[in-house]
Amino acid sequence: MLSGGPSSTGGVKKGPFLAPDVAVVGAGPVGLAIAWRCASRGLRVVVHDPAPGSGASHVAAGMLAPVAEAYFGEHELTGLLTASAARWPAFAAELTEATGADLGYRTEGTLLVGLTADDLAEARRLWAYQQGLGLPVTPLRPSELRDREPALAPRVRGGALAGTDHQVDPRRLVPALRTAAERAGATLTATAVERVSDLDARVTVVAAGCGAASLTGLPIRPVKGQVLRLRAPGGVAPGFRHVIRGYADGEHVYLVPRVDGEVVVGATVEERTDTTVTVGAVLRLLRAAVDLLPELAEYDLVEAVAGLRPGTPDNAPIIGPLPGRPDVVAATGHHRHGIVLTPVTADLIADLITTGVANPLLAPFTPDRFTTEEGHPWN
């Protein structure tokens with residue numbers, strides 16, 4: 001795809017009079033990881049973003065959850081989630097080695113719980129589906145749950161362990177990726193991009209989240225999510241170690257503990273475009289969280305924030321060249337999965353740019369699935 005790329009002469013020539021090989025629009029985790037991977041291969045990379053790391057990743061909890069996020073009818077997406085999660089241990093180690101940064105990467109696993117009999121019945125239906133896909137979901141009795149997490153409410157009726165579902169802290173991840181990209185030779189600029197045609201690069205990667213809609217014409221819509229951040233009293237670590245994902249009287253909630261005492265509680269899923277925090281959402285999230293872990297009632301509420309996930313009609317990301325525009329590559333529409341899909345997206349895009357050959361993993365996620373018979377973007 002990238003003619004004139006790295007060659008036997010020792011890589012891409014760099015100089016003030018040459019346009020970049022790759023322009024990346026968007027300095028969230030996906031855009032920065034792509035920049036890092038491309039720059040590490042000797043490509044001249046410029047990243048455009050007036051506010052790096054201020055999008056959905058700033059709100060995200062950072063769950064790496066290919067098992068818990070495996071939903072009915074999303075078989076191909078589950079495969080991509082699983083493939084990317086498998087890359088995370090090496091990705092995190094490489095990023096830490098390159099930057100010295102602590103990413104908050106934790107591997108205790110995730111407990112999936114149901115508070116009431118109805119909650120447990122709904123959860124078991126999903127676990128059966130996940131087990132049918134061959135995913136590692138281990139049912140646990142209430143006593144086994146509390147052996148792992150004594151702080152769980154006595155009312156919790158049962159649950160399961162997704163031991164391979166891990167977590168990372170996005171607010172640590174993004175600065176680390178920026179440092180890695182810059183150390184590899186990428187340049188960040190605070191310019192806002194209004195039209196792809198304004199960029200002078202051999203390949204442009206649009207990794208602008210919800211902003212990719214106006215740049216590409218692809219059907220990306222904002223999906224609002226409200227998230228809370230609590231802090232354990234005295235700054236000690238929270239009284240639980242696993243990520244908790246549960247149903248509490250029909251309300252779905254997740255609880256993500258950090259070693260520094262923070263607990264992320266989320267999240268709503270709303271077809272809205274505002275970022276207002278509402279009392280009703282805060283009330284529902286806190287009630288469900290405290291129902292599952294009563295000790296949270298004594299924690300400090302330190303932040304209530306809303307962000308916009310980049311959603312697509314089929315809830316799957318859009319990764320690959322625009323139809324008829326091989327020089328413009330989309331890497332967007334990751335919806336709830338931007339953090340877990342960061343490694344695989346970056347690797348697939350970097351491979352595509354440097355070799356011109358698309359990995360078969362990309363086939364279900366290319367932009368052309370959203371084009372009309374005439375080849376125009378679907379809106």
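Arg-106, Thr-107, Glu-108, Gly-109, Asp-165, His-166, Gln-167, Arg-241, His-242 and Val-243 line the second largest cavity. This is a predicted model, where local features need pLDDT of at least 70, side-chain atom pairs count only at pLDDT 80 or more, and totals for chains, interfaces and linings use all residues. Residues are numbered from 1 along each chain as its sequence is written, and side-chain values use heavy atoms, with hydrogens and water left out.

**The cavities**

A cavity here is a set of points, on a 1 Å grid over the protein atoms alone, where a 1.4 Å probe fits but cannot get out; a lining residue has an atom within 4 Å of a point. Points are joined across faces, edges and corners, and the volume is the space filled by probe spheres set on them. Going by that rule, there are two cavities of 30 Å³ or more. Here they are, with linings sorted by class (Ala, Val, Leu, Ile, Met, Phe, Trp, Tyr, Cys and Pro are nonpolar, Asp, Glu, Lys and Arg charged, and the others, Gly among them, polar).

| Cavity | Volume | Lining by class |
|---|---|---|
| Largest | about 110 Å³ | eight nonpolar, three polar, one charged residues |

Around the largest cavity you'll find, among them, Tyr-71, Trp-127, Arg-245 and His-252. Strand E4 (110–114), helix H4 (117–132) and strand E11 (243–248) each give two or more residues to that lining. H4 brings the largest share, with four residues. These labels are DSSP runs numbered from the N terminus: helices are H or I with at least four residues, strands are E with at least two.

**Helix H1**

Now over to H1, residues 29–40. Its 12 residues reach 16 Å from first C-alpha to last, close to the 16 Å expected at 1.5 Å a residue (the expected span is 1.5 Å times one less than the number of residues). H1 is mostly covered, with 11 of its 12 residues buried, meaning under 20% relative accessible area with a 1.4 Å probe, protein chains only. Trp-36 and Arg-37 are among the buried ones. After H1 comes Gly-42, with a positive phi near 90°.

**The open sheet**

Six strands make an open sheet with mixed pairing, in the order E8-E2-E1-E9-E16-E15. E8 (187–189) and E15 (318–322) are the edge strands, each pairing on one side only. Pairing takes at least two DSSP bridges between two strands. E1 (residues 22–25) and E2 (residues 45–48) pair in the parallel sense over four bridges. Ala-23 has Val-46 in E2 as its bridge partner.

Notes:
1 Å grid on protein atoms, 1.4 Å probe; cavity = no way out; pocket = protein on both sides within 12 Å on 5 of 7 lines; lining within 4 Å. Buried < 20%, exposed > 50% of the residue type's maximum accessible area, 1.4 Å probe, protein only.
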